[in-house]
Amino acid sequence: MVTHLAHYRSHGEIRWGVVVDGGLSPLSDTYGTTAELIRHGSDDWRSASRRPVSLHMDDVELLSPVTRPCRVICQGANYRQHAIESGMDPDARAFNLFFDKTDASLTGPRASVARPSHVRLLDYEIELALVLRKEVTEPQEITDKNLHEYVFGVTIANDLSARDVQLPQGQFLKGKSYRGFCPVGPFLAVPEPDEFPLLDGLALRLEVNGGLRQQDSTANMLYRPAETLTELTTFCNLSPGDLLLTGTPHGCTATTPPAVLRRLTTALLPEDKLWALFIRTNLKKPYLAPGDVITAAIHNTDRSIDLGVQHTTITTP
């Protein structure tokens, strides 16, 4: 049975607990990092899952179930329709697109996020995030059968992105890493080894101020977790508690013009003028503004995996 864990603060103390019937059953020991929980907490959370609820969710402050320090690795355009809206042909993809966010961007599932004063095109990206299990320092062959040896669990991440930094400057790391630009949680689901196929049927849904913006299924990923992790190990060391964001569905505010139009515009305009036009045009779109509330949820049909609902309010600096 999938175990759902939460990281929380109560009466000034930071603890971990198992989510049971909408409440929390605290673990007996404390674990300072997600890596410590992964390495040493298995017996503790299994025991806690058999105890009755002793805390109500409304009585605690839910924190990110992924702690610093960690790597935050991302995939781009990994859903069929999102690849199309990004100007790519999903049936002719030649490579898996990777980039990073810094762990300074991590924040909790109920925290507000300040839009930097120079950012006008702030966008959202709901993503299924894999929390990695083990130390990897050399290439590995990862398959669906041994995926559980490398992935500890899954949670929700929102890859907030300053498009007017990311795209005109070509600064993915900077444009996606401002403080608070990666809300994570609320719940961390830990499947048993035979339950990992459930990850292939998760529904993702993101709303802004109650209006639907993104909706898709992990069944529509182009590069699946085992394939992605196998490639990652050829050029990247991994550690317990690291985070892999597996891409966002279609429905982002930013879209890419058709390839023919891009080529024509590039031929007629210098690059700086082209990006200035991009920003002017995009200011008319419903990017995130102070006061907006984003809700993000991921679960499967029978809720055997239910990662909770993330609430993020955009504020001024």
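Start by selecting Ser161, which sits in strand β13 (residues 161-162); strands here are DSSP runs of E, at least two residues long, numbered from the N terminus. This is a predicted model, where local features need pLDDT of at least 70, side-chain atom pairs count only at pLDDT 80 or more, and totals for chains, interfaces and linings use all residues. Residues are numbered from 1 along each chain as its sequence is written, and side-chain values use heavy atoms, with hydrogens and water left out.

Is Ser161 buried or exposed? Its relative accessibility is 0%, so Ser161 counts as buried (under 20% relative accessible area, with a 1.4 Å probe and protein chains only).

Now show the side chains of Ser161 and Lys176: a polar contact of 2.7 Å joins them (N or O atoms within 3.5 Å, one able to donate a hydrogen and the other to accept it; residues adjacent in sequence count only if both atoms are side-chain atoms). A polar side-chain atom of Ser161 also lies 2.9 Å from the backbone oxygen of Asp159. Beyond four places in sequence, the contacts of Ser161 (heavy atoms within 4.5 Å) include Leu121, Asp123, Gln166 and Phe181.

Next, jump to strand β19 (residues 293-299): six of its seven residues are buried, so β19 is largely enclosed by the rest of the structure.

Look for Arg205 opposite Ala297.

Definitions and conventions
Buried < 20%, exposed > 50% of the residue type's maximum accessible area, 1.4 Å probe, protein only. Helix = DSSP H or I, 4+ residues; strand = E, 2+ residues; numbered from the N terminus. Pairing = 2+ DSSP bridges.
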